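Hi there,

Here is the structure I promised to pass on. Have a look at it first, and my notes follow below.

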Amino acid sequence: MNESVHQTARRWRDYLGPALLALAAIIVLAGGDAVYMYQLALVGIYAIAAVGQQWLIGRTGQASVGGAAFMGIGAFTATAVAGHAWGVFPLPILAAAVAGGVVGLLLGLTTVRLRGLYLLLSTLALEYIATFVMQEYEGQNGGEFINFPKIGAFTFGQGERYNLLLIVVLLIVVVVVQNLYRSATGRTWSAIRQNEEAAEVAGINVLGWKLIAFVGSSAITAVAGAMYAYQLQSVSYQTFSLDLAISILCMVYLGGQYRISGAILGAAVVTLLQFGLQQLDDTGSGGLSSWLTLNGPTLDTAIYGALLVLIMLFEREGIAQLLANLRDMVAAQVTRFRGESA
Amino acid sequence: MTPGATSGDGINVSGLSVTYRNGATGCHDVSFKVEPDEILAVLGRNGVGKTTLLRGIAGFRAVEGVHVHGQVALDGTQLSRNPGKASKAGVVFVPERDKVFPSLTVQEHFRLVNVRGRDAIEPFGFPPLSNRWTSRAGLLSGGERQMLALAMAWAQHPKLLLVDELSLGLAPVIVGQLLQKLREMAERSHMSVILVDQDAVAALRVADSLLVLDHGEVVWRGASRDTTAAELGTHYLGTGV
Amino acid sequence: MNSSAVSTVIVGTLTDGATLSLIAAGFVVIYRATRVVTFAQGFFMVAGALIFVALDGIGALGLYGSLVIAAVLTGVISAIVFRGVLTRLIGVNHLVTTIATIGIATAGLAVCDIVQGDQTMILRNEPLGFRVIKIAGLPFTPIDIFTIGLAVVVFALLLLGIQRTPIGLRMRAVADRPTLAAYTGISTGRISALAWGLAGATAALAGAAYVLTDQPAPETVYALGLAAFPAILLGGFDSIVGAIVGSLILALIQNIAIYNFSGQWEDVASYGVLLIVLLLRPQGLFGSSEVTRL
C-alpha cells in the first residue's frame with residue numbers, strides 16, 4: 001500500500017522517541033569511564049533544564065535568561081531539604097520543584113506587563129539577584145553537601161545508577177510536558193506566543209496561562225538543578241552564573257525552540273561539544289593537544305555562540321527542524337521508491 | 001501643457017506586479033506611461049493596491065516577503081529596486097504616513113536635501129514654511145507637513161514625483177491649494193507626477209489622466225476630461241459622489 | 001557618612017559613571033540608528049581592551065595613539081559585525097536580533113579569552129601614575145581624571161557631531177524615520193554601519209579605561225558591559241543625554257551600596273534599579289514613548 005510522505009514521516013517520528021530512549025538506556029548501561037558517565041549525566045541534567053526553559057521561551061514566547069537562577073534555586077533547596085532527617089528521596093526533588101514554581105510565580109506576577117526584551121532584561125536582573133541570595137546563603141551556612149539519592153538501602157550512585165534515575169526523571173518530565181503540549185492548553189500557549197493581543201481578544205486568559213507557563217517551566221528547571229546538586233554533591237552560587245544561563249538559552253534555540261526533541265538535542269549538542277573536543281585532544285598530538293586542553297571549554301563556548309548566530313540567521317527553528325527536513329526528504333525518497341516498485 | 005519641451009521620455013511602467021510572501025497580491029500586471037508635465041491620478045477603493053503600486057515604482061527595500069516583477073523605466077533607463085538608487089535617478093516618493101521627520105526642524109529638512117537658506121524654496125511661495133523655519137516638523141499642522149513634504153520632494157529635482165494620499169486628513173481648501181502647487185511644480189520643472197488619492201473629485205481637478213485600480217488590476221484608463229467623478233464613483237469607486 | 005567617605009563616593013560616581021556612559025552611549029547610538037537592543041557592547045569593550053594592551057605592549061604609539069587606534073579598529077570590527085550579521089536580520093523581530101547579538105558576544109568573548117590565554121590584561125607599564133590630585137577638595141587619581149576627561153571629550157564630539165554636521169543630520173533622520181530617510185536618498189546602510197562603528201569605538205575606550213584602572217580578566221570587562229544595562233534603561237534606550245544621566249545615577253547607587261554594605265551588593269543594587277525602572281517607567285527618564293513598544 002502506498003503511504004503519503006506525511007504518514008511515513010509521522011510513523012517514523014512516533015517510533016523515534018521510544019527508540020531514542022531505548023538507545024539512551026543502552027548507552028548508559030554499556031558503561032564507560034567516569035568522565036564519560038559524567039558527561040552523559042550533564043546531558044541529562046541540561047536536557048531537563050532545557051525542556052523546562054523551552055516551555056517558557058519556545059512555546060509561550062517569553063524570552064528569558066533565568067535558567068541558571070532556577071537551577072540554582074532547585075539545587076540549593078534540594079541540598080537544604082536533604083540535609084534533614086525527614087528529607088528522604090524524592091522529597092528534595094519535589095521541594096526543589098515547589099521552590100522553583102513559587103519563584104517562577106513571583107517572577108511572572110512581577111513581569112506580567114512586560115514583553116519581549118523588557119522581560120529578557122528582567123530575567124537578567126533575576127539572575128544577578130538570585131546569585132546574590134545564593135551567595136549570601138552560602139556565606140551564612142558554609143558549603144552544604146548532599147548525598148546521592150537512595151531508596152531504602154539502594155543508592156543511585158555515581159555512574160549507571162544515577163544516570164538511569166536521570167533518564168527516568170527526564171522521561172517523566174517529557175511525558176508530562178508533551179501531553180500538555182498536545183492538548184488544547186498546549187495550543188493556548190502557542191497562541192499566546194504568536195500574538196498576545198489577538199489571544200486576549202479571542203477570550204484567552206493570557207495572564208493566567210502565562211503564569212502557569214512561568215510556574216511549570218521554573219519548577220522543571222529547578223528539578224534539573226536538584227539533579228545537578230545530586231551529581232555534584234555540593235553546590236556553590238558560582239555554578240549558576242550568567243554563562244550557564246546563556247548556554248541554556250543557546251540549547252533551547254540551537255536545538256529547536258518549538259520542539260521538545262529540540263531542547264534535548266540542544267542540550268546534547270552544547271554539552272557534548274566540549275566532550276567531543278576533549279576526545280579530539282586525547283587522540284591528537286603535542287601542540288594541538290595541549291592547546292585544546294587549555295582552551296577546550298572556551299572553544300566550545302565560541303562554537304555554540306557562533307552556532308546560535310547561524311541558527312538565528314538561517315534556521316530559526318533550530319537543528320531539530322533541519323533534522324526534520326532531512327527526515328522528510330528521506331521519507332519522500334522511500335515513498336517514491338515504494339511507489340515505483342509497486 | 002507642453003510635453004516634450006525638455007528632455008525626457010517620462011516614465012514607462014510595464015507589467016508591474018507586486019506580491020507579498022503570504023500570497024496576497026499588491027498589484028498585478030500594471031502598465032502605463034506618464035509624460036513629463038503630466039499628472040496621472042491613480043484612483044480606487046481602499047486596499048486595491050494603489051500604495052503598493054507607488055512603492056513598487058519607488059523601489060522597495062529588500063523587505064522580507066515582497067516580490068516585485070516587471071519593469072519601470074525613467075527616460076529610457078531601468079530603475080533599480082533600491083529606494084536610495086531610485087531617488088538618485090530622479091524618482092521621489094512622498095509617502096502617506098511618516099512623510100516628514102518629526103524631530104528635525106524645517107530648516108534641517110531642507111539641509112538634508114542640500115537646500116541652503118529660505119530663498120531656495122521661495123519660487124513656490126510656501127510662506128507658512130518660511131514662518132516655521134526653525135520649528136520641528138512634529139509640531140507642524142497636517143497641511144504644513146504635507147507642504148513641507150512636497151517642498152522637500154521638489155527640492156530633490158525629481159523627474160518623477162509620486163504622492164500618496166495627499167489629501168488625507170486635510171481640509172478641502174488646503175487640499176485645493178496643495179494640488180494647485182503641485183500643478184505649478186509639474187509645469188515649472190517638467191516633471192511627471194503620479195498622484196494616488198481617495199478624493200476622486202480633487203484628483204480629477206488637477207490630473208491630466210487617470211488610472212483606476214480594482215483588486216490590484218487596472219480597470220479604467222484615460223484622460224480626465226473624458227469622465228467625471230460621478231461616473232467613476234458609481235462604476236468603480238463604490239461611492240455615490 | 002563622613003566627609004572622606006562622601007568624597008570617595010563622589011569620585012567613584014564620576015569615574016564609574018564616565019566609563020558606564022561610554023558604553024551606554026554606544027548602545028543608544030546603535031538603538032537609534034538600527035533599533036537593535038545589543039548585548040555585544042561588552043564584547044567590543046573586551047576586544048578594544050585587548051587591542052589597546054597589545055598596542056601598548058608594542059610601545060610605538062604611546063598612550064593616546066594606542067587608545068585611538070584601538071578605538072578605530074574596534075569600531076571597524078563592530079561595523080563589520082553589523083554588516084555581516086545584523087543586516088541579514090532586517091525586519092525580523094527584535095528578540096531574534098538581540099539573541100543574535102548574544103551569540104556574537106558569547107562567541108566573541110570566548111575568542112578573546114583564547115587569545116588572552118590565562119592572563120589578566122596588564123599594561124606594560126603604568127602610564128599615568130598614582131599620585132592623588134585634589135580638585136575642589138576631592139581626591140582624584142590621574143586615571144580618574146583621564147577617564148572622566150575621556151568621557152567628556154567623547155560626548156562633546158558626539159553631541160556636536162550629531163547636531164552640527166551633515167552626517168550627524170543624516171543619522172538623526174535615519175533614527176527618526178528610517179524608511180523616509182531611504183526615500184530621501186540617504187544611504188541607511190552606511191549610516192547604520194557608522195553608528196555601529198561609533199558604538200564599538202566608545203566601548204573600546206571604556207574597556208581601555210577599565211584596563212588602565214585595574215588588571216581585569218576579559219570576563220570582568222564583559223560583566224561591566226552588561227552592568228551598563230541598568231544605566232541604559234534608567235536613561236532611556238534612545239537618549240544620549242539619558243545615557244549620561246542614567247550612568248551617573250547608577251554609579252552613585254553602586255558606590256553608595258559598596259560603601260554601605262560590601263562589594264557583593266554592587267550587582268544587586270544595579271539590577272534592583274533595573275527591575276524598578278522596568279516596573280515603574282520602562283522608557284526611563286529621557287526615553288521617548290516609542291521605546292515601550294518593543
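A word on contacts before anything else: two residues are in contact if their C-beta atoms, placed from the backbone, lie within 7 Å. This is a predicted model, in which local features need pLDDT of at least 70 and side-chain atom pairs count only at pLDDT 80 or more, while totals for chains, interfaces and linings use all residues. Residues are numbered from 1 along each chain as its sequence is written, and chains are lettered from A and ligands numbered from 1 in the order in which they are written.

Chain C meets chain B through 13 residues of its own and 21 residues of chain B. On the chain C side, helix H6 (166-176) and helix H7 (178-183) each bring at least two residues; helices here are DSSP runs (H or I, at least four residues) and strands likewise (E, at least two), numbered from the N terminus. That side of chain C splits into five nonpolar, five polar and three charged residues. For the classes, Ala, Val, Leu, Ile, Met, Phe, Trp, Tyr, Cys and Pro count as nonpolar, Asp, Glu, Lys and Arg as charged, and the others, Gly among them, as polar.

Towards chain A, chain C puts 31 residues in contact with 30 residues of chain A. Helix H4 (94-116), helix H9 (218-235) and helix H11 (265-280) of chain C each supply at least two residues there, and H4(C) gives the most, with 15 residues. This side of chain C consists of 23 nonpolar, five polar and three charged residues.

As for chain B itself, it has eight helices and 10 strands.

Best wishes
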